[in-house]
Amino acid sequence: GEEEALSTAVTMLGQLFETGHVLIGKTITRFDVNLCKQGSPTNDITAQIINASNVEQLNLGTLDSSTLQAQPNYVTHTFENTDGYVLADGDRLVIGGSFSDTDRPVWQGNTTSESYTNAGYYSGSWVERSYDATIAVYGY
């Protein structure tokens, strides 16, 4: 599989959803991602749904990065906000935070991508990947 890390330059990791994907128009309340760490990060990871302008639409809470297991020991972590948000074209499910290039969280990716969705990282602008994050999305 693939992986991506938060770092000095990379402040968000996200999964993009576009028109045509089955989750567009659904109310999203939770997503689960597989995380581990490099080094000894201490800052919080914040989970959000953001729109195409990177504006938060829903905050799904935080996770203390120091509690992550060392790479390559991925553990599934749940981020949830039962208020929910109706997913729209161009929205992303993201994790973010302020980390160094040596002490940082890593998220797991798949080797392939479904249609109308893909992973990416934010470093001043979004860079799209040809694979999906290893992510489970819940809603109704």
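User: In this predicted model, what makes β2 and β7 a strand pair?

Analyst: Five bridges join β2 to β7, and the two run antiparallel. Pairing needs at least two bridges, so β2 and β7 count as paired. Within β7, Gly-96 is the bridge partner of Met-12.

User: How do you know that β2 also pairs with β9?

Analyst: The cut-off is again at least two bridges. β2 and β9 are joined by six and run antiparallel, so they pair. Gly-120 in β9 stands opposite Gly-14.

User: Why is β2 called mostly covered?

Analyst: Six of its six residues are buried. Buried means under 20% relative accessible area. Met-12, Gly-14 and Leu-16 point one way from β2, while Leu-13, Gln-15 and Phe-17 point the other way. All of these are buried. In a regular strand, side chains alternate between the two faces of the sheet.

User: Why is Ser-7 called buried?

Analyst: Ser-7 has a relative accessible area of 7%. The limit is under 20%, so Ser-7 is buried. Ser-7 is in the loop between β1 (2–5) and β2. Not counting residues up to four places away in sequence, Ser-7 touches Phe-99, Ser-100, Asp-101 and Arg-104.

User: Is Ser-115 buried or exposed, and how do you know?

Analyst: Its relative accessibility is 53%. Exposed means over 50%, so Ser-115 counts as exposed. Ser-115 is placed in the loop between β8 (104–109) and β9. Its C-alpha atom is 9.9 Å from that of Thr-19, although the two residues are 96 apart along the chain.

User: What makes up the largest nonpolar core?

Analyst: That core has 27 residues. Those with the most contacts inside it include Phe-31, Ile-49 and Leu-87. Strands that each supply at least two residues include β2 (12–17), β3 (27–38) and β9 (117–122). The largest share, four residues, comes from β3. Apart from this core lies another, of five residues, among them Met-12 and Trp-126.

User: Which residues does Leu-87 touch, not counting those up to four places away in sequence?

Analyst: Leu-87 touches Phe-17, Leu-23, Ile-24, Gly-25, Lys-26, Ile-28, Ile-49 and Leu-93.

User: What lines the largest pocket?

Analyst: The lining has 13 residues, with His-21, Glu-114, Thr-117, Asp-132 and Ile-135 nearest the pocket centre. β2 and β11 (135–139) are the elements that give two or more residues to it. The lining divides into five nonpolar, six polar and two charged residues. The pocket volume is about 180 Å³.

How values were computed:
Residues are numbered from 1 along each chain as its sequence is written. This is a predicted model: local features need pLDDT of at least 70, side-chain atom pairs count only at pLDDT 80 or more; totals for chains, interfaces and linings use all residues. Side-chain values use heavy atoms; hydrogens and water are left out. A nonpolar core is a set of buried Ala, Val, Leu, Ile, Met, Phe, Trp, Tyr and Cys residues joined through side-chain atoms within 4.5 Å. Buried means under 20% relative accessible area, exposed over 50%, partly exposed in between (1.4 Å probe, protein chains only). Contact means heavy atoms within 4.5 Å. On a 1 Å grid over the protein atoms alone, a cavity is a set of points where a 1.4 Å probe fits but cannot get out, and a pocket is an open set with protein on both sides within 12 Å along at least five of seven lines; lining residues have an atom within 4 Å of a point. Grid points are joined across faces, edges and corners, and a volume is the space filled by probe spheres set on the points. Ala, Val, Leu, Ile, Met, Phe, Trp, Tyr, Cys and Pro count as nonpolar, Asp, Glu, Lys and Arg as charged, and the others, Gly among them, as polar.
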